[in-house]
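Have a look at the fold below before reading on. The notes that follow walk through a few spots in it and then zoom out to the whole chain.

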Amino acid sequence: MKQILTIQSHVAFGYVGNRAAVFPLQRLGFDAMAVNTVQFSNHTGYGSWTGQVFSPEHIAEVIDGIGQRGGLDHCDAILSGYMGGAALGQVIVETVRRVETANPAALYCCDPVMGDVGRGFFVNQDIRDFMRAHAVPAADIITPNQFELEFLTGTEIRSMDDALAATAAARGLGPKLVLLTSLTRAEADPDSIEMLLDSPDGAFLVTTPRLPFDKPPNGAGDCVAAVFLAKYLESGDAAGALGHAAAAIYAVFAATLKAGTRELQLIAAQDELVRPSRLFEVRPVR
């Protein structure tokens, strides 16, 4: 059984961070070792929450304990999401190096969580600088949204050509695979949402319907990164992993809309994480 170390936030209520990543990883047959960087009552999108942020020293201590049990020696991948500060980011990058020393084939998937269209940045400048200068270059896979990809590459994305230029520029920073998780462009159907993958084997696009949420659920990017990483580890087929991730998150969105809640319905849609009932075409665009 493959092992994935996932270093992200944790909430007791709802599904973001590790709560949106660990269950999908387990449902897909992976042993997920969760290191929680915060413990909050709920995600911050509600405007109020309780709990605390754990220090980088605390996170390093937990990871050291995993290492003492041999957990890092047999780790196949590291997944990281929101980083509360550059010091925590440094702990994550150092952990990646430790894991890769023990297993050179291990992958690092970095979801460079920094902001979003309409919200702007919700992390400070130190984190943005660290992400671009250290975390992204250390990664094998990155899964930015459109806002984050524009920041990382300095490229404004309005068309497919823009998007391909941005993903190519991001790959130039170091990652082998760049998954743009939410592409919106002028020439596309406004009732659709796209994901774009840039890889050594070419660039691939998948399109799914845009569901009519009053407020899109939080945590979708965390779930997509986990599902994509799991399927890529399983098969080595990046385009296939893209298709699976797109179909799985669409099914989760559909279940969430049906339930009339703002929290991802991962439990209700758990079988769809493994065998999505509705698949979407993955087509090469470069």
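This is a predicted model: local features need pLDDT of at least 70, side-chain atom pairs count only at pLDDT 80 or more; totals for chains, interfaces and linings use all residues.

Contact here means heavy atoms within 4.5 Å.

Thr256 itself sits in helix α8, which covers residues 238-259. Its relative accessible area comes out at 0%, so Thr256 counts as buried.

Is Glu150 buried or exposed? Its relative accessibility is 18%, and since buried means under 20%, Glu150 falls on the buried side. Setting aside neighbours within four places in sequence, Glu150 has contacts with Thr155, Glu156, Ile157 and Arg158.

**The sheet**

Now for the strands. An open sheet is built from 10 of them, in the order β3-β2-β1-β4-β5-β8-β9-β10-β11-β12, with mixed pairing. At the edges you find β3 (51-53) and β12 (282-284), each of which pairs on one side only. As a reminder, strands of a sheet pair through backbone hydrogen bonds, in either a parallel or an antiparallel way.

| Strand pair | Sense | Bridges |
|---|---|---|
| β8 (residues 141-142) and β9 (residues 177-183) | parallel | 2 bridges |
| β9 and β10 | antiparallel | 4 bridges |
| β10 (residues 192-199) and β11 | antiparallel | 8 bridges |
| β11 and β12 | antiparallel | 3 bridges |

Ile141 pairs up with Leu177 of β9, and Val178 has Asp198 of β10 as its partner. Moving on to β11, Ser192 faces Pro209, while Glu194 is bridged to Thr207. Further along, Val206 sits opposite Val282 of β12.

For β11, which spans residues 202-209, the count is 6 buried out of 8, making it mostly covered.

Over by β1 and β2 there is a helix to look at. Helix α2 (residues 56-68) lies across β1 (3-11) and β2 (31-40), and its direction makes an angle of about 160° with that of β2.

**Cysteines**

What about disulfides, and how many turn up in a search of the whole structure? The answer is 0. Cys75, for one, is in no disulfide, and the nearest cysteine sulfur to it belongs to Cys109, 12 Å away. Cys109 is in no disulfide either: its nearest cysteine sulfur is that of Cys110, at 7.5 Å. Cys75 is buried, having a relative accessible area of 0%. Cys109 also has a relative accessible area of 0%, so it too is buried.

**The annotated domain**

According to the UniProt record, an unreviewed entry, residues 75-261 carry the annotation "domain: Pyridoxamine kinase/Phosphomethylpyrimidine kinase". In the model, that span is 48% helix and 20% strand, and its end C-alpha atoms are 35 Å apart.

**The whole chain**

Zooming out, the protein has 9 helices and 12 strands. Its radius of gyration is 17 Å, close to the 19 Å that the globule rule gives for 286 residues, so the protein is as compact as a globular protein of that length. Along the principal axes, the C-alpha trace spans about 50 × 40 × 40 Å. Of the 286 residues, 53% are buried.

Where do the contacts reach along the sequence? Among contacts between residues at least 6 apart, 68% join residues at least 24 apart.

Terms used. Residues are numbered from 1 along each chain as its sequence is written. Side-chain values use heavy atoms; hydrogens and water are left out. Two strands pair if DSSP finds at least two bridges between them. Axes are lines fitted to C-alpha atoms, for helices over the stretch in contact, and angles run from 0 to 180 degrees between N-to-C directions. UniProt positions are given in the numbering used here, feature names are shortened, and annotations may be inferred rather than shown by experiment. A disulfide is a pair of cysteine sulfur atoms within 2.5 Å. Buried means under 20% relative accessible area, exposed over 50%, partly exposed in between (1.4 Å probe, protein chains only). The radius of gyration is taken over C-alpha atoms; the globule rule is 2.2 Å times the number of residues to the power 0.38.
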